[in-house]
Amino acid sequence: MMNIIEAASLKKLNTFGMDVSADYLSEVNSPEEIQQVLEFRDKKNIPLFILGGGSNILFSRNIHELVLLNRLKGIEIVDENSNHVWVQASAGENWHQFVQYCINNDWGGIENLSLIPGNVGASPMQNIGAYGVEIKDVFHSLEAVNLSDGKTKEFSAKECSFGYRESVFKQEEKGKWLITKVNYKLTKDNHILKTGYGAITSELEAMNVKKPSIQSISEAVIRIRRSKLPNPEEIGNAGSFFKNPVVDISVMQQIQSQYADVVNYPAGENQVKLAAGWLIEKAGWKGYRKGDAGVHKNQALVLVNYGHSAGNEISDLADQIIEDIENKFGVKLEKEVNIY
Ligand code: FAD
Ligand code: NAP
């Protein structure tokens, strides 16, 4: 039977560590409890708010909604052939534990996504990506409950409209669905190893790995991430606060005329992706701190809460950075983190 907590603290349920409360909070462990929460929502006539691991959220206010904390668990094989396995994971499974489970079974495809915080259910939300792999590369389908009528629908990859840190669930379908299960198509054999991104190759060399495997790539990614990114258990953050902007080559060339070392990568015809972290660093923000809100000292793309920052202090800082980058480089950064 579902349990409702009134005036619940969300401080430990978001990686920024924002000290806000929810009018109501319910942990959901089964499909029956989802329906009970929807009934409670209708009875009280309050909006729902879906919370996973809270690692891509900045709370700037108390939440006057009913928070549905997704704890749906379970991993199963739904199909397999000699080369592939179709694995279904429930949305409340911890993402990194799911990655480890797949690697331990020698299922390939998500090893580059090791150590990303959060839950399985949020993985399609922004088409999580790292080190040259995105969830869309291994995604088969998902199941979601329509929050208005409680009915379940299956979404194909096409219906999810995945883009760079984007999906239909962050755009026109925002707030309308509870993702309950995600199906991934992984390799059992002939794994396609992606080692050409960022520092993976040099980390594998440092590990003395001659023949990379999904296991050693995962370990390399874990080692790089531990050395570069702030651990939310030690310092509040939600990973990259901004998306890397994709701009016309002419915009990049304009920047290049002043800064020969501008970091950029090809992104389709006549376009390049700029490293937002580089732009922010060049503009002098790396290590900046005002009160308890700051820009991380090692990775300028990550905004941090040194302890008691309020959400709006972090989002004000983000707005100041956006304005400054636009003035200096003519590029408008977009926030990646969901702000409420
Ligand atoms: P939450 O923060 O709980 O929710 C995010 C959004 O999705 C909210 O709008 C919420 O309402 C919605 N939502 C959550 N679950 C569901 C559901 N089941 N159904 C419907 N809506 C839902 N991201 C990357 O892409 N790549 C990275 O490499 C990466 N590295 C990170 C490193 C650090 C240190 C941190 C703190 C974050 C990083 N992130 C990264 C961001 C974050 O971990 C991911 O976006 C992750 O998928 C968020 O999962 P979550 O369960 O915490 O989602
Ligand atoms: P990095 O390796 O220092 O690289 C800086 C940026 O350059 C990255 O953001 C990455 O873009 C891009 N890049 C690097 N090599 C590339 C290549 N070969 N081709 C195309 N683009 C390339 O980055 P980092 O900060 O240490 O992060 C490593 C990876 O983890 C990145 O993929 C990053 O997206 C991911 N990550 C994401 C978050 C988040 O919250 N979203 C947080 C931490 C790390 P992309 O970002 O487009 O990959």
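**Ground rules**

I note that this is a predicted model, in which local features need pLDDT of at least 70 and side-chain atom pairs count only at pLDDT 80 or more, while totals for chains, interfaces and linings use all residues. Residues are numbered from 1 along each chain as its sequence is written, chains are lettered from A and ligands numbered from 1 in the order in which they are written, and side-chain values use heavy atoms, with hydrogens and water left out.

**The chain as a whole**

I counted 8 helices and 20 strands in the chain, taking these as DSSP runs numbered from the N terminus (H or I with at least four residues for helices, E with at least two for strands). The C-alpha trace spans about 60 × 55 × 35 Å along its principal axes. I then compared the radius of gyration of the chain, 21 Å, with the value near 20 Å that a compact globule of 340 residues would have, and the two agree; the radius is taken over C-alpha atoms, and the globule rule is 2.2 Å times the number of residues to the power 0.38. Buried residues make up 50% of the 340 residues, where buried means under 20% relative accessible area, exposed over 50% and partly exposed in between (1.4 Å probe, protein chains only).

**Ligand 2**

I returned to ligand 2 and found 18 residues around it, of which Tyr-164, Arg-165, Tyr-197, Lys-273 and Gln-299 come nearest; a residue is near a molecule if one of its heavy atoms lies within 4 Å of it.

By class, I have 6 nonpolar, 7 polar and 5 charged residues in the shell around ligand 2, with Ala, Val, Leu, Ile, Met, Phe, Trp, Tyr, Cys and Pro counted as nonpolar, Asp, Glu, Lys and Arg as charged, and the others, Gly among them, as polar. Why does ligand 2 lie between domain 2 and domain 3? Domain 2 (75-208 + 216-224) and domain 3 (231-339) both give residues to its shell, so ligand 2 lies between them; the domain bounds come from an automatic or database domain assignment.

**Ligand 1**

I counted 33 residues around ligand 1, with Ile-50, Gly-53, Ser-55, Arg-225 and Tyr-340 coming nearest. A polar backbone atom of Gly-54 is 2.8 Å from an oxygen atom of ligand 1, a polar backbone atom of Asn-56 is likewise 2.8 Å from an oxygen atom of this ligand, and a backbone N or O atom of Asn-119 lies 2.9 Å from one. The protein buries 94% of the 980 Å² that ligand 1 exposes when taken alone. Two or more residues of this shell come from each of β3 (48-51), β8, β12 and β13. By class, the shell around ligand 1 divides into 16 nonpolar, 15 polar and 2 charged residues.

**Single residues**

I looked at Asn-190, which is not a glycine and yet has a positive phi of about 45°; Asn-190 sits in the loop between β12 (177-187) and α4 (200-206), and is exposed at a relative accessible area of 61%. Asn-208, also not a glycine, has a positive phi of about 65°; I found Asn-208 in the loop between α4 and α5, exposed at 55% relative accessible area.

Note on methods. A polar contact is a pair of N or O atoms within 3.5 Å; within protein, one must be able to donate a hydrogen and the other to accept it, and residues adjacent in sequence count only if both atoms are side-chain atoms. Accessible areas come from the Shrake-Rupley method with a 1.4 Å probe; for residues, only the protein chains shown count as cover.
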